[in-house]
Amino acid sequence: MSVIPKKFPTPVAKPMGPFFAAGLVVLYGVNSFANLLMGTAEFKNDPRNPNAKNSKH
């Protein structure tokens with residue numbers, strides 16, 4: 001009885017490729033939307049905004 005189980009030649013990365021691509025597309029979309037919202041009038045002067053005009057540094 002071996003401690004290490006038998007290795008099977010199962011492809012992992014190739015069938016998961018569309019999910020990786022979809023994840024990248026979703027992350028890009030969320031980032032673009034967040035950047036768009038940071039420039040709106042409602043959030044322009046929010047102190048949590050990294051691009052805030054009234055920075056106290």
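Predicted model: local features only at pLDDT ≥ 70, side-chain atom pairs only at ≥ 80, totals over all residues.

User: What makes up the secondary structure of the protein?

Analyst: One helix and zero strands. The helix, α1, spans residues 13–38.

User: How do you know what the chain does over residues 20–38?

Analyst: The chain there is 100% helix and 0% strand. Its end C-alpha atoms lie 27 Å apart. An unreviewed UniProt entry annotates residues 20–38 as "transmembrane region". That label comes from the record, and such annotations may be inferred rather than shown by experiment.

User: Why is M16 called partly exposed?

Analyst: M16 has 36% relative accessibility. Buried means under 20% and exposed means over 50%. The value for M16 falls in between, so M16 counts as partly exposed. M16 lies in helix α1.

User: Why is D46 called buried?

Analyst: D46 is at 17% relative accessibility. The cut-off for buried is under 20%, so D46 counts as buried. D46 sits in the segment after α1.

User: How do you know that D46 and R48 meet in a salt bridge?

Analyst: Their side chains come to 2.9 Å, N to O. The limit is 4 Å between a side-chain nitrogen of Lys or Arg and a carboxyl oxygen of Asp or Glu, so the pair qualifies. The structure holds one salt bridge.

User: Is R48 buried or exposed, and why?

Analyst: R48 is at 70% relative accessibility. Exposed means over 50%, so R48 counts as exposed.

User: Why is N49 called buried, and which residues is it in contact with?

Analyst: N49 has a relative accessible area of 9%. That is under 20%, so N49 is buried. Leaving aside neighbours within four places in sequence, N49 is in contact with M38, F43 and K44. A polar atom of the N49 side chain also lies 3.0 Å from the backbone nitrogen of N51.

User: How much of the protein is buried?

Analyst: Buried residues make up 5% of the 57 residues. The accessible surface comes to about 5,700 Å². Carbon and sulfur atoms account for 70% of that surface.

Note on methods: Residues numbered from 1 in each chain as written. Heavy atoms only, no water. Helix = DSSP H or I, 4+ residues; strand = E, 2+ residues; numbered from the N terminus. Buried < 20%, exposed > 50% of the residue type's maximum accessible area, 1.4 Å probe, protein only. Polar contact = N/O pair within 3.5 Å; in protein donor to acceptor, adjacent residues only side chain to side chain. Contact = heavy atoms within 4.5 Å. Areas by Shrake-Rupley, 256 points an atom, 1.4 Å probe, with all protein chains shown as cover.
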